[in-house]
Amino acid sequence: MTLKARAQEKVERAGIANYSFDQDVLVMCGVRYAIEACECGEPDCDGVRLRKKSSFPRILQ
């Protein structure tokens, strides 16, 4: 099973219906999440980690 399919399963299992994919990025309520493999080793881990992506580049001052 691909990471994208695992992420979709995770979102649907959580009861979230308002989501989409932009290539390999999960979009929920306008917030973009990178889909990454999780190797934490926890017994209940589904192997997927969602990391919130910044929509704006960071500006150094």
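The sulfur of Cys38 lies 3.7 Å from the closest cysteine sulfur, which belongs to Cys45, and this is too far for a bond. A disulfide is here a pair of cysteine sulfur atoms within 2.5 Å, and a search of the whole structure finds 0 disulfides. This is a predicted model, in which local features need pLDDT of at least 70 and side-chain atom pairs count only at pLDDT 80 or more, while totals for chains, interfaces and linings use all residues. Residues are numbered from 1 along each chain as its sequence is written, and side-chain values use heavy atoms, with hydrogens and water left out.

**Cysteines**

- In general terms, a disulfide is a covalent bond between the sulfur atoms of two cysteines.
- Cys38 counts as buried at 17% relative accessibility, where buried means under 20% relative accessible area, exposed means over 50%, and partly exposed lies in between (1.4 Å probe, protein chains only).
- Cys29, by contrast, is exposed, with a relative accessible area of 61%.

**Overall build**

- The protein contains 1 helix and 4 strands, taken as DSSP runs numbered from the N terminus (helices are H or I with at least four residues, strands are E with at least two).
- Followed along the sequence, these elements give the pattern α-β-β-β-β.
- The protein has 61 residues, of which 20% count as buried.
- Among contacts (heavy atoms within 4.5 Å) between residues at least 6 apart in sequence, 24% join residues at least 24 apart.
- The protein exposes about 4900 Å², and carbon and sulfur atoms supply 50% of this area, which comes from the Shrake-Rupley method with a 1.4 Å probe.

**Salt bridges**

- A salt bridge is counted when a side-chain nitrogen of Lys or Arg is within 4 Å of a carboxyl oxygen of Asp or Glu, and by this rule the count comes to 5 salt bridges.
- One of them joins the side chains of Lys10 and Asp46, at 3.5 Å from N to O; this pair links distant parts of the chain, 36 residues apart, since Lys10 is in helix H1 (residues 3–13) and Asp46 is in the loop between strand S3 (31–37) and strand S4 (48–52).
- Both partners count as partly exposed, Lys10 at 27% relative accessibility and Asp46 at 26%.
- Arg13 counts as exposed, at 53% relative accessibility.
- Glu9, Lys10, Arg13 and Asp46 are linked in a network of salt bridges.
- Asp22 forms a salt bridge with Arg32, with the closest N and O atoms 2.9 Å apart; Asp22 lies in strand S1 (residues 19–22) and Arg32 in strand S3, so the pair ties together parts that are 10 residues apart in sequence.
- Asp22 counts as partly exposed at 37% relative accessibility, and Arg32 counts as partly exposed at 31%.

**Backbone angles in two loops**

- Most residues other than glycine have a negative phi.
- Gln23, which is not a glycine, has a positive phi near 60°; Gln23 lies in the loop between S1 and strand S2 (25–28) and is exposed, with a relative accessible area of 68%.
- Cys29 is not a glycine either, yet has a positive phi of about 55°, and Cys29 lies in the loop between S2 and S3.
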